[in-house]
Amino acid sequence: MNLSATRYVIVTPARDEEAHLRNTIRSILGQTILPAEWIIVNDGSSDRTGEIIDEYSAPWIRAVHRTNRGFRKAGGGVVDTFNDGYLILTCKDWDFIVKLDGDLSFEPNYFESCFAHFEREPRLGVGGGVMCYIENGKKSFEANPAFHVRGATKIYKRACWDAIGGFWPAPGWDTMDEVKASMLGWTTRSFPELHLLHHRHTGAADGTWANLVKNGRANYICGYHPIFMLMKCVRRLKFKPHILGPAALLYGFLTGYLKRIPQVDDPKTIGYLRQQQMARLSGKESIWK
């Protein structure tokens with residue numbers, strides 16, 4: 001593959017990103033390989049997000065403006081917003097599709113470097129860099145399994161995207177995509193040497209308790225094995241907030257059962273996920289390696 005000829009499209013869901021969106025736009029405009037098309041979807045923002053998007057309008061940068069639903073809709077809201085942008089893409093011969101958040105900044109060679117990974121690994125279906133933050137003048141990173149690519153920056157090879165059939169419209173979509181891709185024979189992973197500066201911490205808009213409850217609920221919706229979830233909560237005791245964190249995760253998970261919230265309508269993928277989780281707990285080979 002001639003990397004400079006790589007055709008990729010980006011869809012960015014953005015809600016109330018006035019403070020950070022220009023950073024992302026400038027990062028894209030400075031890329032060594034520009035996207036063929038970029039759809040930025042203003043998800044009913046109450047600040048100047050929509051105005052900023054329109055300010056940078058170009059033949060290959062287009063805006064979609066959604067009405068304000070009045071609240072943040074976890075998981076499914078992001079997917080609905082992404083899909084509104086995806087449906088109006090005019091570029092049909094793309095090689096990669098990117099889901100990119102509007103509060104990131106990154107180096108000019110970011111996408112070129114990512115595509116080089118895909119070129120070297122033919123079965124790599126989902127990839128992306130790692131999130132970092134600047135705290136007290138130093139970089140800090142989120143801890144995630146190597147196979148997991150953060151939902152803020154996910155790059156999908158076309159064949160893999162077509163195979164998984166897009167996103168599940170609910171919390172946990174950015175786990176189920178990778179699980180399904182793995183089940184279908186693709187690999188997924190982050191590129192640790194490629195850093196994206198996240199200008200606000202994950203879940204900052206919701207607060208610590210609400211964000212952890214949301215994560216526990218997403219784990220329930222994805223069909224996590226209860227034993228694996230229990231061990232996840234035990235491991236969470238090592239991190240601050242020591243008691244509140246595991247309690248919030250478990251609360252979100254268990255209330256999913258109590259409220260009979262629908263889970264992912266894909267028993268085969270849930271079965272594969274649970275098999276991988278139990279393999280992980282027993283020290284066998286799994287997507288965690």
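In this predicted model, the residues that line the second largest pocket comprise seven nonpolar, four polar and three charged residues. The lining is formed by 14 residues, and those nearest the centre of the pocket are Phe-147, Thr-187, Thr-188, Ile-287 and Lys-289. Strand β9, which spans residues 187-198, supplies three residues, the largest share of this lining. The space in the second largest pocket amounts to about 270 Å³.

Helix α7 (residues 208-222) and helix α9 have axes that come within 7 Å and cross at roughly 45°. This angle makes α7 oblique to α9, and the crossing of the two helices is right-handed. On the side of α7, the contact is made by Trp-209, Leu-212, Val-213, Asn-215, Gly-216, Arg-217, Asn-219 and Tyr-220. On the side of α9, the contact is made by Leu-244, Gly-245, Ala-247, Ala-248, Leu-249, Tyr-251, Gly-252, Phe-253, Thr-255, Gly-256 and Tyr-257. Sorted by class, the residues of the contact of α7 with α9 are 11 nonpolar, seven polar and one charged.

Helix α9 also meets helix α8. The axes of α8 and α9 come within 8 Å, with a crossing angle of roughly 160°. Because angles over 145 degrees count as roughly antiparallel, α8 and α9 are described as roughly antiparallel to each other. The crossing in which α8 passes α9 is right-handed. From α8, the residues Pro-226, Met-229, Lys-232, Cys-233 and Arg-236 take part, and they meet Gly-245, Pro-246, Leu-249, Leu-250, Phe-253 and Tyr-257 of α9. The contact of α8 with α9 contains eight nonpolar residues, one polar residue and two charged residues.

Helix α8 (residues 226-236) packs against helix α10 (residues 267-281) at an angle of about 50°, and their axes lie 9 Å apart. The two helices are therefore oblique to each other, and their crossing is left-handed. Pro-226, Ile-227, Phe-228 and Met-231 of α8 form this contact together with Arg-274, Gln-277, Met-278, Arg-280 and Leu-281 of α10. Six nonpolar residues, one polar residue and two charged residues make up the contact of α8 with α10.

Two features of the backbone in loops were also noted. Lys-240 and Pro-241 are joined by a cis peptide bond, for which omega is about -10°. Pro-241 is located in the loop between α8 and α9, the latter helix covering residues 244-258. Asp-16 is placed in the loop between strand β1 (8-14) and helix α1 (21-29).

Notes. Residues are numbered from 1 along each chain as its sequence is written. This is a predicted model: local features need pLDDT of at least 70, side-chain atom pairs count only at pLDDT 80 or more; totals for chains, interfaces and linings use all residues. Side-chain values use heavy atoms; hydrogens and water are left out. On a 1 Å grid over the protein atoms alone, a cavity is a set of points where a 1.4 Å probe fits but cannot get out, and a pocket is an open set with protein on both sides within 12 Å along at least five of seven lines; lining residues have an atom within 4 Å of a point. Grid points are joined across faces, edges and corners, and a volume is the space filled by probe spheres set on the points. Helices (H or I, at least four residues) and strands (E, at least two) are DSSP runs, numbered from the N terminus. Ala, Val, Leu, Ile, Met, Phe, Trp, Tyr, Cys and Pro count as nonpolar, Asp, Glu, Lys and Arg as charged, and the others, Gly among them, as polar. Axes are lines fitted to C-alpha atoms, for helices over the stretch in contact, and angles run from 0 to 180 degrees between N-to-C directions. Angles under 35 degrees count as roughly parallel, over 145 as roughly antiparallel, 65 to 115 as roughly perpendicular and the rest as oblique. A crossing is left-handed if the near helix is turned anticlockwise from the far one by less than a right angle, and right-handed if clockwise. Contact means heavy atoms within 4.5 Å.
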